[in-house]
Amino acid sequence: MKILVLTDTHIRGTTPQNRLDDFPVTLKEKLLEVKDMIEQEGIDFVLHGGDLFDRPDTAPSVVSDFIQILRGFEVPIYIVAGNHDLYGHNPTTLSRTMLGLLNASGIVEVLNFKEEKIIEVSGVRLQLQGCPYYYDLDSSDEPNKYLLEKRSDVDYAVNLIHGLLLPQPFGIDLDYTLIDDIQTTEADITIVGHYHTGFGIEEISDQKYCLNPGSLVRIGAYTGELNRIPQVAIIELTTDKLDITLHELDTAPPGKEVLDRSQIELNEYREQKLADFTQSIKGAGEFNFLEVKEILEELADNKDLKKKVRIEARNRIAKAEENLA
């Protein structure tokens, strides 16, 4: 049994701000390469980790173009809904989305929460379970959503989830689940999408793995994305062996050729200037006021600040009063 895994394709008809190329054209080239890989490797079915579309109401003309490519895969495509596929991160809206339309038309098969399929190929019996994204998936109150109970009549069990599963703590204020927290899962492979950078293959314990090959697209022009080449994973299962390999796409150009960092660098410059400004204010005196106008008035009268800062404070007071008049 051979399975191809991809995730976070974010199909859309426009090019994101940070991209230098024609995003839809590049994405089509990648999916066509995936189609060739399916044929050459003898893939039995595809698993998609969610966020097939960039938004739930993607234009029908755009969807139509990509449907032709997905039909060309000529193998079943099993998928879980990602946050971008749904309205309000709510799985009950699936039937009103473009992903719901593809599910109803049989182009993909959406796995709903804890829905289970038994797939048998070449004498290998697989239990496949899915979990779509929803708002509280990675909150501390939902620790069991990543866990799977393996049946006794299968050779392997795979859990497919769209959630923020990570090998180590994340440095920003977001809910996430650590791989260490799902040690008790009985899934042989836990496959996740959502975290675009991905973490490749992580072994939980002997012959038990977590897999995230990373998004098929790069949207943010961050350092990690600049250095990353989009890839897919191929899983090969026999009755006595499990093997996972990662394959970078030949059609994915180097990050520096398709990602524009100018806007990010401008934002970083502005943030640094704001930090410097805030620090200069803190060093210039104590402020005991909560009202913005009072703070500005204090700034305008503070002789320890630079003249242009005091002038700017007065100008903002004037504009605020004018707007309120």
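The reply below begins with the sheet and then turns to spaces, salt bridges and cysteines.

Analyst: This is a predicted model, in which local features need pLDDT of at least 70 and side-chain atom pairs count only at pLDDT 80 or more, while totals for chains, interfaces and linings use all residues. Residues are numbered from 1 along each chain as its sequence is written, and side-chain values use heavy atoms, with hydrogens and water left out.

The sheet is open and has six strands, in the order β4-β3-β2-β1-β13-β14, with mixed pairing. Its edges are β4 (109-110) and β14 (241-248); each has a single partner strand, so one side of each is left without a neighbour in the sheet. Here a strand is a DSSP run of E with at least two residues, a helix is a run of H or I with at least four, and both are numbered from the N terminus. Two strands pair if DSSP finds at least two bridges between them.

Strand β1 covers residues 2-6. On one flank, four bridges join β1 to β13 in the antiparallel sense, and on the other, four bridges join β1 to β2 (residues 45-48) in the parallel sense. Ile3 has Ile235 of β13 as its bridge partner, whereas Leu6 is partnered by His48 of β2. Strand β13 (residues 231-238) also pairs with β14, antiparallel, over eight bridges. In that pairing, Ile235 stands opposite Ile244.

How many residues of β1 are buried? Five of its five residues are buried, where buried means under 20% relative accessible area, exposed means over 50%, and partly exposed lies in between (1.4 Å probe, protein chains only). Both faces are covered, with Lys2, Leu4 and Leu6 on one side and Ile3 and Val5 on the other.

Leu6 and His48 also belong to the lining of the largest cavity, together with Thr9, Leu31, Val46, Leu70, Phe73 and Ile77. On a 1 Å grid over the protein atoms alone, a cavity is a set of points where a 1.4 Å probe fits but cannot get out; a pocket is an open set with protein on both sides within 12 Å along at least five of seven lines, and lining residues have an atom within 4 Å of a point. Grid points are joined across faces, edges and corners, and a volume is the space filled by probe spheres set on the points. One cavity of 30 Å³ or more is counted, and the largest cavity holds about 40 Å³. Its lining comprises six nonpolar, two polar and no charged residues, with Ala, Val, Leu, Ile, Met, Phe, Trp, Tyr, Cys and Pro taken as nonpolar, Asp, Glu, Lys and Arg as charged, and the others, Gly among them, as polar.

The largest pocket contains about 790 Å³ of space. Of its 29 lining residues, Leu164, Phe170, Leu174, His194 and Tyr195 are the closest to its centre. By class, the pocket lining has 10 nonpolar, 11 polar and eight charged residues.

Turning to charged contacts, the model has 13 salt bridges, each a side-chain nitrogen of Lys or Arg within 4 Å of a carboxyl oxygen of Asp or Glu. Lys28 and Asp65 form one of these at 3.4 Å, N to O. Lys28 lies in helix α1 (residues 23-41) and Asp65 in helix α2 (residues 60-71), so the pair ties together parts 37 residues apart in sequence. Lys28 is partly exposed at 26% relative accessibility, as is Asp65 at 40%. Within helix α1, Lys35 and Glu39 are four residues apart, about one turn of the helix, and their closest N and O atoms are 3.2 Å apart in a salt bridge. For Glu225 and Arg228, the salt-bridge distance is 2.7 Å, and both residues are buried. Glu116, Glu120, Arg125, Arg151 and Asp153 are linked in a network of salt bridges.

Ile201 stands opposite Leu211 in β12. Two residues lie between the strands, and Gln207 takes a positive phi near 65°. The model has zero disulfides, a disulfide being a pair of cysteine sulfur atoms within 2.5 Å.
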